[in-house]
Amino acid sequence: MGEETLSVTDNRTGRSYEMPIKDGAVRAMDFRQIKVHDDDFGLKLYDPAFTNTASCRSEITYIDGDRGILRYRGYPIEQLAAQSTYLETAYLILFGELPTRAQFVEWEHDITIHTYIHENAKKFMDGFLYDAHPMGMLVSTVAALSTFYPQSKEIFDEEDRLLHMKRLIAKMPTMAAFAYRHSSGLPYAYPDNDLSYTGNLLNMLYKFSEAKYQPDPVLERALDVLFILHADHEQNCSTNAMRCVGSSHGDPYSTIAAACAALYGPLHGGANEAVLKMLTEIASIENVPKFVDRVKDGEDLLMGFGHRVYKNFDPRASVIKELAHQVFEVTGRNPLLDIALELERIALEDEYFIERKLYPNVDFYSGIIYQSMGFPVSMFPVLFAIPRTVGWIAQWQEMLLDEEQKIARPRQIYVGHDQRDYISWDRRESRQGAVA
Ligand code: CMC
């Protein structure tokens, strides 16, 4: 191999530049030396939606989209899904190594003792309308927690930071479950700290008058596996929001509210909700070809298909498809599954989807599982936000401790008017193209 450098010739000036290549990347700032004249700003890189820009160096999650690989801290997602638990994976993501037995006992204890939320936070949730979307409630309530823990602003105090990270992992299921109970008109069910992380979530969601809720072990494990699959996904939209907002050094609760808000959109964490809506609208297998035609004509998107990074298959989708069968043995088969399987079959054989490398992503089957487990569709993005919390905080901490990072502030290419003079009111009426 030749030298690890890039040679660039600026044809405007005829000058040549040599830039180092490290880890398959050049530094955008190296392009600033490329100028036409001395007071020129220097060459910028234009990359809307960051499709080819690395914004950080990270040790947390590795994805090879072409080969369908996803690893947390080097461990393949398939192995973690088969052998780990969500809390163990959360420890791995946050601290970089799998815990010893003693470390895990302490970690589980530390998370469990923080599951309750302040009674006033519960009252805050009471204020929402009866039909408030649970994700809107979660976004607002997690932000409100910053007012309960003002010391969380001390983000460079290692001990404080860890305490609030544990609180966030512990309290997200509680806020999520309270949001669900509120929107269902049910009394809140408090955490049961004898249960596992996902067992307790099921308890807070579904407990009625029984003295002690016993989660179904298959559903408890299925939820745990879904949580492992959703725990981190490197620099996706919400993680980028977490890093970007966190770069102004706000407290973790306000910052995670921003990440949750980013996750809420239908192109990100809202996609499994959109998949369910799509499958319900298609309604029967006979309507599938007509729907696929609409997608190919650009009138609809095939929700749950396509990914910015995976261009072969999404390894999370493969695990989930398998999981679906285990869940259906307990809950009964979801009739939407047949529509989904037919959609997948037709799409995977169709040139439109093959050409564009569109494959089922994590959301294609997760919604069907969640629905079979009794979750309303509005809870789907909430069920994504709970496990993604550890990914967000691990990435946030990595950003805070990275000496190269600063407040995030992209450049722009200004394409608006050049300087012009203010127009008085009476002269404006006749201006052409004025907005009505
Ligand atoms: N259905 C139909 N056509 C699609 C789809 C789709 N789901 N996704 C992409 N395309 C087409 C797109 O129209 C474009 O076609 P053309 O080249 O003719 O203009 C081509 O494929 C490339 O798409 P793109 O928009 O450049 O791809 P992207 O990387 O910007 O978008 C995406 C990725 C996930 C936003 C997009 O595939 C999409 O909107 N999918 C549906 C929503 C969804 O399932 N989101 C969940 C993502 S996985 C969970 C997560 O990580 O949040």
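How many of the ten residues of helix H2 (residues 86-95) are buried? Eight of them are, which leaves this helix mostly covered; buried here stands for under 20% relative accessible area, with a 1.4 Å probe and protein chains only. Before we go on, note that this is a predicted model, in which local features need pLDDT of at least 70 and side-chain atom pairs count only at pLDDT 80 or more, while totals for chains, interfaces and linings use all residues. Residues are numbered from 1 along each chain as its sequence is written, and side-chain values use heavy atoms, without hydrogens and water.

Back to H2: its buried residues are Tyr86, Leu87, Thr89, Ala90, Tyr91, Leu92, Ile93 and Leu94. After the helix comes Gly96, with a positive phi near 95°. Helices are DSSP runs (H or I, at least four residues), numbered from the N terminus.

Let's turn to the ligand. It is surrounded by 19 residues, with His268, Leu302, Gly304, Arg308 and Asn361 the closest; to be near, a residue needs a heavy atom within 4 Å. This shell holds ten nonpolar, five polar and four charged residues. In that scheme Ala, Val, Leu, Ile, Met, Phe, Trp, Tyr, Cys and Pro are nonpolar, Asp, Glu, Lys and Arg are charged, and the others, Gly among them, are polar.

A ligand nitrogen sits 2.9 Å from a polar backbone atom of Phe305. On its own the ligand has 940 Å² of accessible area, and the protein covers 70% of that (Shrake-Rupley method, 1.4 Å probe).

On a 1 Å grid over the protein atoms alone, a cavity is a set of points where a 1.4 Å probe fits but cannot get out, and lining residues have an atom within 4 Å of a point. H3 (101-112), H6 (158-183) and H7 (197-206) each supply at least two lining residues, and H3 gives the largest share, three.

The second largest cavity contains about 40 Å³, and its lining includes His307, Tyr310 and Asn361.

How values were computed
A polar contact is a pair of N or O atoms within 3.5 Å; within protein, one must be able to donate a hydrogen and the other to accept it, and residues adjacent in sequence count only if both atoms are side-chain atoms. On a 1 Å grid over the protein atoms alone, a cavity is a set of points where a 1.4 Å probe fits but cannot get out, and a pocket is an open set with protein on both sides within 12 Å along at least five of seven lines; lining residues have an atom within 4 Å of a point. Grid points are joined across faces, edges and corners, and a volume is the space filled by probe spheres set on the points. Buried means under 20% relative accessible area, exposed over 50%, partly exposed in between (1.4 Å probe, protein chains only).
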